[in-house]
Amino acid sequence: MRTASKKTKPQPLDKDREKQFLQAALDLFVRRNFASVTIKDIALECKVNSALLYYYFQNKEDLYAKAIEYAISELIAAYEGLAKRHDDPVHLINDWLDVHKRMPSSIRRLIKLMMDDSEDMKSMKDGKKNIQKFYSFERNLISKAVQTGISQKVFKPVNPNEIALFASLHLDGIIAHSIIEDSASIAKGVENFRTVFWSYLLV
C-alpha cells in the first residue's frame with residue numbers, strides 16, 4: 001500500500017540574495033533602460049541561472065517594480081533614521097534635504113529610472129504606483145512639517161501643499177540637472193535651494 005507523499009514546503013526567500021538581484025537590476029536599468037534589459041542580463045550580472053530569478057520575481061515587470069520599491073525604501077529609511085532625533089519642523093525638512101546630499105547616487109538612480117519614457121515603461125502600473133509612493137511620502141513629510149511650523153508661528157502662513165509641491169519639483173530639477181550634465185552638483189544645488197527655501201518660509 002502506497003503512503004501519501006508529503007508536500008514539501010516552499011523554502012523562504014533568501015533576503016540577501018534578493019537584495020543582490022534588486023541592486024544588480026537597478027544598476028542595469030539605470031545604465032541602459034527598462035526595454036533593453038532582460039532577465040538573462042540580470043542573471044549574468046549576478047552570476048546565477050536565469051531560472052533562479054523567476055523563483056524570486058514573476059517577470060521583468062515585477063522585478064522592476066520591486067527594484068523601484070527597494071530604492072525608495074532605502075531613502076525613506078535613511079530619512080527616518082535622521083528624523084528620530086527630533087520633531088522640530090525646520091530640522092525635519094533639513095533632514096530630508098540632507099538625505100539628498102548624503103545619498104546622491106541613490107537619488108540620481110531613482111530619478112533616472114523615473115525619467116525612462118520608453119513605451120514599455122508607460123504601461124508599467126506597479127512601477128508607476130511605487131514612484132507615486134515616493135512622491136506622496138516626500139510631499140506629505142514637507143507639507144506636515146510646514147503645517148507644524150505655521151502653527152508654531154515659525155513659518156509664514158503659506159499653503160503647505162503648494163510649498164511641498166514646489167520643494168519636490170525643485171529637488172527633482174536639481175537631480176535631473178546633475179544627470180543631464182553628468183556632474184556631481186547635487187550638494188551645491190541642495191544648499192542653494194535650502195537658502196532660498198528658508199528665506200521665503202521662515203518668519
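What share of the contacts in the protein with a separation of 6 or more comes from residues 24 or more positions apart? In this predicted model, such residues account for 69% of those contacts. It is a handy figure to keep in mind while looking over the rest of the fold.

Followed along the sequence, the pattern reads α-α-α-α-α-α-α-α-α-α. Of the 203 residues in the protein, 45% are buried. The protein exposes about 12,000 Å², and carbon and sulfur atoms supply 53% of that area.

Helix 8 deserves a visit of its own. This helix covers residues 125-151, which gives 27 residues. From its first C-alpha to its last, helix 8 reaches 38 Å, close to the 39 Å expected at 1.5 Å a residue. After helix 8 comes K153, a residue with a positive phi, near 65 degrees.

K15 belongs to helix 1, which spans residues 15-31. Is K15 buried or exposed? Its relative accessibility is 57%, so K15 counts as exposed, the cut-off for that class being over 50%. K15 can also be placed relative to Y56, a residue 41 positions away along the chain. The C-alpha atoms of K15 and Y56 are separated by 9.9 Å.

Definitions and conventions
Residues are numbered from 1 along each chain as its sequence is written. This is a predicted model: local features need pLDDT of at least 70, side-chain atom pairs count only at pLDDT 80 or more; totals for chains, interfaces and linings use all residues. Side-chain values use heavy atoms; hydrogens and water are left out. Helices (H or I, at least four residues) and strands (E, at least two) are DSSP runs, numbered from the N terminus. The expected span of a helix is 1.5 Å times one less than its number of residues. Buried means under 20% relative accessible area, exposed over 50%, partly exposed in between (1.4 Å probe, protein chains only). Contact means heavy atoms within 4.5 Å. Accessible areas come from the Shrake-Rupley method with a 1.4 Å probe; for residues, only the protein chains shown count as cover.
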